[in-house]
Amino acid sequence: MKFTDGYWMVRKGYELQNPVDIRDIVQNGDSITVYAATKRIEKKGDTLNGTLLKATYSSPMPNVIRVQLNHHKGKVKQGPEFELNTLQTDVQITNEGKNAVLQSGDLQVRVDGSKGWDVGFYYGSKRMTGSAYKGAGYITGPNDTSFYREQLELGIGEYVYGLGERFTPFVKNGQVVDVWNEDGGTSSEQAYKNIPFYLSNKGYGVFVNHPEKVSYEIASENVSKVQFSVEGESLEYFIIGGADPKEVLDNYTKLTGKPALPPAWTFGLWLTTSFTTDYDEATVNHFVDGMAERDLPLSVFHFDCFWMKEYQWCDFEWDKDMFPDPEGMLRRLKDKGLKICAWINPYIAEKSYLFDEGMENGYLVKTADGSVWQWDLWQAGMALVDFTNPAAVDWYKGKLKVLIDQGVDCFKTDFGERIPTNVVYYDGSDPQKMHNYYTFLYNKAVFEVLEENLGKNEAALFARSATVGGQQFPVHWGGDCSSTFESMAESLRGGLSLGLSGFGFWSHDISGFEMTAPPEVYKRWVQFGLLSSHSRLHGNESYRVPWLFDEEAVDVVRDFTKLKCSLMPYIYNSAVESSVRGLPMMRPMVLEYPQDPTCATLDLQYMFGDSILVAPIFNNEGDVQYYLPTGTWTNFLTGDQIEGGRWISENHNFRTLPVMVKPNSIIAVGSENGRPDYDFADQVALHLFELGEGRTAEAVVVNKAAETELTVKAVRSGSSIQVSAEGAGKPWTLVLRGIQTVSNVEGGTSAAGEQGVVITPASGASSVTIQL
């Protein structure tokens, strides 16, 4: 929200007061509070009839500084509030009159009163950002409204990323962003997943701790500042430091919650009924059996909305006209090796038998006069489950448990964005704050019932809406995209932005949700989709099985599904890292290469885990241009080696694309390619790529319980490669990619392989020495 008219003037109807004269700095335990007048105080009389703004600085955990700005603190606080974690923190404070320093870990806030108002945030000795003259401000506006804003410095060459799953340009500089969840598709400035956290390429993050609407002006009101504002008398934000952007994300997700680890089976291919298509058990079997007949590995089958009867969403009962034997049907599908997903949302249509239950027991959100809030958008007469009522949560969970007992393994938690603000919640929550926060309670309830009934690390959602903390309930998908190359690119931008907002696992509707893709778009999107965290074929009015597009589409789905299954030892270890460190599996280039200026703006390619670069193709011709950082990279599919530090232009058919492995990497490849959940360590092949002089490469292989089973390191010295292994209880091999011969192997044997020499360690050997 803009408050100024150009650089000099304030917009008509608004009054802006800035802190300009620090009057006192008070230490209170591990915090300091700065009191600042909004005018110069020359004499005692100047202290009368004026405003005193307060800023309190503290630290909830090392390398994180909390900033609380307020005008009048006496206003009643209404929830909800984000659930935050804190750690014991050793804070060092220096307070010298109008100057003070608070240090947490390597992060400092320095208050310099000699300049009137200058607050700087430093990591080590480097100033990352700060709030200077006319930065912070209290604003009054029309109709007795009030706002608090902050303006933080934006340096030369500094870029801002994140703020949730945004489909606008990846670099947010120049954009106006309102953190307000809306069902706007993937082709607008609206977003399903709004996260008031941004990451800077200068190595810090800023999290605004407000569930309600947060308005950002990112170099769009003041071109050298990032402004954020909220309505009310106070503003709270956190500066998050770290040695690099990965550590910043780690610290942010320590504060707001780490992503849960999805079960291994979720990483396989998902197929759905699509949305408004006609289907019954025979239709489902036709598609499932058709996939099997064509040797297309399928892991999950999803039933979209119309598994329930029309006008009754949600009643959580199968439409008996289409599915007369749901328990038997689910058992038969599971006998084919499939997991089952069912679509749900948090809305209760008036025709649903649950509406009366919910109304009688007070489980539905109400209006001010005590009536049930209702409208006809989406479902006729629908109401909203009140997840602030613990009894309503238990009621909702109970309905889902029936489905779990029938054989449903996970839920697609659709919607959660169209949340009204003219309502009353059971616990008195502020409806403005609940608009965004509702999705957290909704997805939390569904995730919990899955964990409670299926076990830890067996719960998985396919969620559309999110707010801060929602990353704890994966997986999230990108919403309603169109079946075009342009929409494929905007989906990727959204996923990369969400990844830099603390979300580890993300998916999208392969080939687009709206319309039906031409075969060229379908095949290119399949490549992208199966080199994503999670992979789902889904659409609106038409089915998405590949043979309905063309026969080559069948081959492309087979190739890339099997590729993903074979890469599961590498992929699942990356997933474990995501759950531990809060890093996205699909990583913007800037996250892996923050010191390479070319990587700062790239949004048409990404790192899949820390070692594989993927450059999707967005045109019919198969042309692709992508950037490789310095080093010798290898195309995993073709074996082609390319020197980096430059842009590459190539042309690919539908069976290949740039899947580039960075040098000094070991990629763990599994012994199976027909399913994602198998014994990853048994007969794993460790592919070693371009190990440089004096360099070390390492691979860790975990099992489905996220326990480490095998760690292999390779160190090169001259023409010798020393390989060591820990936990080698199962047979494994080492593939020297691109190397056709070796002169000697100690502790094992060598044999020629299609992709390079294959080294087999001797039985029980924990080390192998290879002479090139």
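## Basis of the model

The model is predicted, so local features are given only where pLDDT is at least 70 and side-chain atom pairs count only at pLDDT 80 or more, whereas totals for chains, interfaces and linings use all residues. Residues are numbered from 1 along each chain as its sequence is written, and side-chain values use heavy atoms, with hydrogens and water left out.

## Pocket and cavities

The largest pocket has a volume of about 1100 Å³ and is lined by 39 residues, of which His-210, Glu-212, Glu-231, Ser-234 and Lys-433 lie nearest its centre. At least two lining residues come from each of β7 (64–70), β20 (225–231), β21 (234–240) and α6 (431–454). Helices (H or I, at least four residues) and strands (E, at least two) are DSSP runs, numbered from the N terminus.

The structure also holds 3 cavities of 30 Å³ or more, and the largest cavity has a volume of about 40 Å³. The lining of the largest cavity consists of Gly-495, Gly-499, Phe-503, Gly-504, Phe-505, Trp-506, Pro-584, Met-585 and Met-586. On a 1 Å grid over the protein atoms alone, a cavity is a set of points where a 1.4 Å probe fits but cannot get out, and a pocket is an open set with protein on both sides within 12 Å along at least five of seven lines, while lining residues have an atom within 4 Å of a point. Grid points are joined across faces, edges and corners, and a volume is the space filled by probe spheres set on the points.

## Salt bridges

There are 42 salt bridges in the structure, each being a side-chain nitrogen of Lys or Arg within 4 Å of a carboxyl oxygen of Asp or Glu. In the pair formed by Glu-592 and Lys-246, the closest N and O atoms are 2.7 Å apart. Glu-592 lies in helix α11 (residues 589–592) and Lys-246 in helix α1 (residues 245–256), so this pair ties together parts that are 346 residues apart in sequence. Glu-592 counts as buried at 12% relative accessibility, and Lys-246 likewise counts as buried at 14%; here buried means under 20% relative accessible area, exposed over 50%, and partly exposed in between (1.4 Å probe, protein chains only).

A salt bridge also joins the side chains of Asp-319 and Lys-309 (3.5 Å, N to O). Both residues lie in the loop between β23 and α3, so the pair ties together parts that are 10 residues apart in sequence. Asp-319 is buried, with a relative accessible area of 10%, whereas Lys-309 is partly exposed at 29%. Elsewhere, Asp-183, Asp-414, Glu-417, Arg-418, Arg-464 and Asp-480 are linked in a network of salt bridges.

In helix α3 (residues 326–335), the buried residues are Pro-326, Gly-328, Met-329, Leu-330 and Leu-333. These buried residues pack against α2 (281–293), β23 (300–303), β24 (339–344) and α5 (390–406), where contact means heavy atoms within 4.5 Å. After α3 comes Gly-337, whose phi is positive, near 90°.

Leu-450, found in helix α6, is buried with a relative accessible area of 0%. Not counting residues up to four places away in sequence, Leu-450 touches Ile-404, Asp-409, Cys-410, Phe-411, Gly-455, Ala-459, Ala-460 and Leu-461. Leu-450 and Ala-460 are 10 residues apart in sequence, and their C-alpha atoms are 7.5 Å apart in space.

Most residues other than glycine have a negative phi, and most peptide bonds are trans. In the loop between β23 and α3, which holds Cys-314, the peptide bond from Trp-313 to Cys-314 is cis, with omega near 0°. Phe-316 lies in the loop between β23 and α3 too; Phe-316 has a positive phi of about 60° although it is not a glycine, and counts as buried at 6% relative accessibility.

The peptide bond from Pro-474 to Val-475 is also cis, with omega near 15°, and Val-475 is placed in the loop between α6 and β28 (476–477). Ala-219, in the loop between β19 (214–218) and β20, has a positive phi of about 55° although it is not a glycine, and is buried with a relative accessible area of 16%.

## A nonpolar surface patch

Tyr-7, Trp-8 and Met-9 make a nonpolar surface patch of about 470 Å². Tyr-7 lies in the loop between β1 (4–5) and β2 (9–10) and is exposed, with a relative accessible area of 59%. Patches are made of residues with over 30% relative accessible area and no salt bridge, with like charges joined within 9 Å and nonpolar side chains (Val, Leu, Ile, Met, Phe, Trp, Tyr) within 5 Å. Accessible areas come from the Shrake-Rupley method with a 1.4 Å probe, and for residues only the protein chains shown count as cover.
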